[in-house]
Amino acid sequence: MGEKKKAKAIIVGGSIAGVSCAHALISAGWDVVVLEKSSQPPKGSPTGAGLALDRQSFNIIESWLPQPQLLQQTTLPLTIDQNQTADGEKEVSRILTRDEDFNFRAAHWADLHGLLYSALPAEVFLWGHSYLSFRTSEDKTSVTVEAKALQTEEIIEINGDLLVAADGCLSSIRKTFVPDLKLRYSGYCAWRGVLDFSGNENSETIMSIQRVYPDLGKCLYFDLNTGSHTVLYELHSKRLNWIWYVHQPEPEQKGNSVTMKVSSDMIENMYQEAEKAWGPELVRVMRETKEPFLNIIYDCDPLERIFLDNVVLIGDAAHPTTPHGVRSTNMSILDAAVLGKCIEKWGAENIPSALEEYQRIRLPVTSKQVLHSRRMGRIKQGLALPDRKPFDPKTASAEECEELQHKCMPFFASAPLSVD
């Protein structure tokens, strides 16, 4: 008797959700193949921006890495979650909330992706391959994925036991589950950028931003204005990550991305608007940032199911979310870890039971977190909510400010990893 053939998962999407899933399924004893349309890994590229990892996700990632200390070495602590508003002439900030037990770490997307990707065997990746379609066998035990090699235009077929859709908030695999699903435009977009100040530590820009934000390097700062807010925190290797949420009509977007192409006129206009709203120190950081970009902020009402036969959704494909609860990456990592544990527990011959359990563990958590994140965004942007008047940081009471804090997020301290 030969050795029993390993079960195989086909993962569509090589972003953080996809590579996390590859780790979790390999740990469960499976073979994996990851299809990604980008022609090469985003190694060393400035793709993406900052993100915040909670302690649970941090521990899970460490368990996947052969050199777990690298995660600590490439991230910075975020021990403080602070909301503040400019008092008077934008000179002085009034603290609305300050939580000093905020046990997160700040990472750059490309650094985290690089760590996760480098710890996987190179042969599991099919770069430059665009997912086209899938079909499940009549007995629902196997799945065939059709993909196109973008360089040669050759169509290939891959067979496996499980298809994992890690193809983001605009997931095309999700369309087969819920063809009529429409994403909800939040009413605002986010200007984002990362300023690399290595070599310029003593510049006026950096000295002044550190003077006004003295806890940079350990604090997640939120500046709230009437109807708008910004985010600022430091990343490893002398970088500052900033975000500014701006109300605007839903942009016309061509193609499959929530990041908009921006012209130099749009960027200059953004700077001019920023000067009217924010302190000069923050505006200078924005102005000195190379290639700021614009994200269109969407989410959607929680899905009723996140698997069908032997096809399963994870990450933003399963639960598109606004960024306000710093959940997106953390939810993806937990999705992957729970899916891996369920698959290992039930085995390849019981995939429907494994996926049912994965859904039972994750769906109640992610649904609550998506809706809470939506609520946080609406409060911070001064938008209407059925149970409270629009939030105005200038007049808000201490009680009204409480909900600005991340610790109000459902399952903030930890989310269940099993049904036990």
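A disulfide is counted here when two cysteine sulfur atoms lie within 2.5 Å of each other. In general terms, a disulfide is a covalent bond between the sulfur atoms of two cysteines. By the distance rule, this structure has zero disulfides. The model is predicted, so to speak of local features pLDDT must be at least 70, while side-chain atom pairs count only at pLDDT 80 or more and totals for chains, interfaces and linings use all residues. Residues are numbered from 1 along each chain as its sequence is written, and side-chain values use heavy atoms, leaving out hydrogens and water.

Cys342 is in no disulfide either, as its nearest cysteine sulfur, that of Cys21, is 11 Å away. Next comes a term for how covered a residue is: buried means under 20% relative accessible area, exposed means over 50%, and partly exposed is in between (1.4 Å probe, protein chains only). Cys189 is buried, at 0% relative accessibility, and Cys342 is buried too, with a relative accessible area of 2%.

Now for the helices and strands, which are DSSP runs numbered from the N terminus (helices are H or I with at least four residues, strands are E with at least two). Helix H4 covers residues 109–118, and eight of its 10 residues are buried. Among them are Trp109, Leu112, His113 and Tyr117.

Helices can also be described by how they pass one another. Axes are lines fitted to C-alpha atoms, for helices over the stretch in contact, and angles run from 0 to 180 degrees between N-to-C directions. Angles under 35 degrees count as roughly parallel, over 145 as roughly antiparallel, 65 to 115 as roughly perpendicular, and the rest as oblique. Take helix H9 (residues 328–346) and helix H10 (residues 351–380): their axes come within 8 Å and cross at roughly 160°. That makes H9 roughly antiparallel to H10. Contact means heavy atoms within 4.5 Å, and the residues making it here include Cys342 of H9, the cysteine we met above, and Tyr358 of H10.

A second pair is helix H7 (residues 264–277) and helix H8 (residues 280–287), which pack at an angle of about 170° with their axes 9 Å apart. H7 is therefore roughly antiparallel to H8. Among the residues making this contact are Met270 and Tyr271 of H7 and Val283 and Met286 of H8.

Val212 is partly exposed, with a relative accessible area of 32%.

In strand E15 (residues 228–235) we find Ser228, which is buried at 12% relative accessibility. Its side chain makes a polar contact with the side chain of Trp244 (2.8 Å). Strand E16 (residues 239–247) holds Arg239, which is buried with a relative accessible area of 13%. Which residue's side chain makes a polar contact with the side chain of Arg239? The partner is Asp111, at 2.6 Å.

Methods. Polar contact = N/O pair within 3.5 Å; in protein donor to acceptor, adjacent residues only side chain to side chain.
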